[in-house]
Amino acid sequence: MKRQNPLTAIAINGSPRAGGNTELLLKKVLEPLEQAGWNCRLLQIGGRAVRGCSACYQCFERKNKRCAVENDAMNDFLEAIYAADAVIVGTPTYFADVSAEIKALLDRAGLVSTANDGLLKGKIGAAVAAVRRGGATHAFDSINHMFLMSSMIVPGSIYWNFGKGLNKGEVLNDEEALRNMNHLGRVIAWLGQAVAQAAVPFPEPPIDER
Ligand SMILES: Cc1cc2nc3c(=O)[nH]c(=O)nc-3n(C[C@H](O)[C@H](O)[C@H](O)COP(=O)(O)O)c2cc1C
């Protein structure tokens, strides 16, 4: 069935430094989506006390679209993600990987999705990384691994979804990164609109995986 507007995008900032480079990049991605009439939210997970997956597998028993660990804020993030059409995950590069909060998010969002017949399938997923010098490719991959294992659709932009900077705000000097982020937002808007208009159901998984 054809979807009605507004489409929704959630951007999640994995840096504990609110207002820092990761957040600035995410805002650049959201700008064209807002202009296209999308309902956009930026959520801050960096710096929050969220734990990693406890591997209790209770999500497979309960199948209630929630993580069984209820003593932190993760389920608020999962709810927002599962309700969105597009999810943009932003991380600072920490020793060539994602921040600990983003790793916790990826593991718990991915497992709860799998336990509930694929809550992420068919959603658009985009990864963004802030970096001083090196290692962003690996952080970018870490996010995309979960997206791609969850049947999400990953759009590309004109170059890497990275922005360079060490101190807060320095990423604004990386003009190529800003152009890339703007283009990424426009591609997400285009793809989301196309998917919403497609009126074709997402393919069922192979019978053994249901
Ligand atoms: C714990 C830690 C590890 C870092 N590791 C790297 C790294 O491997 N490569 C790199 O280029 N920058 C590294 N950085 C720098 C950050 O990626 C960079 O400052 C980024 O812009 C921070 O984004 P933010 O402003 O959103 O916090 C590291 C910073 C911290 C605090």
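I began with a fold unit: strand β1, helix α1 (residues 21-35) and strand β2 make a right-handed β-α-β unit. I note that the model is predicted.

**Strand β1**

I looked up how β1 pairs with β2. β2 covers residues 39-44, and the two strands run parallel, joined over six bridges.

Next I turned to β3, residues 86-92. β1 pairs with β3 too, again in the parallel sense, over five bridges. Here I12 has V89 of β3 as its bridge partner.

How many residues of strand β1 are buried? I found five of the six in residues 8-13, so the strand is largely enclosed by the rest of the structure. I jotted down a general point: in a regular strand, side chains alternate between the two faces of the sheet.

**Y57**

I then checked backbone angles in the loops. Y57 is not a glycine, yet its phi is positive, about 60 degrees. I located Y57 in the loop between β2 and α2 (58-62). Is Y57 buried or exposed? I found 12 other C-beta atoms within 10 Å, and a residue with 12 or fewer counts as exposed, so Y57 is exposed.

**S151**

S151 also has a positive phi of about 60 degrees, and S151 is not a glycine either. I placed S151 in the loop between α5 (136-149) and β5 (162-164). I found 17 other C-beta atoms within 10 Å of S151, so S151 is partly exposed.

Notes: Residues numbered from 1 in each chain as written. Predicted model: local features only at pLDDT ≥ 70, side-chain atom pairs only at ≥ 80, totals over all residues. Buried ≥ 20, exposed ≤ 12 C-beta atoms within 10 Å, placed from the backbone. Helix = DSSP H or I, 4+ residues; strand = E, 2+ residues; numbered from the N terminus. Pairing = 2+ DSSP bridges. Right-handed = clockwise from strand over helix to strand, strands pointing away.
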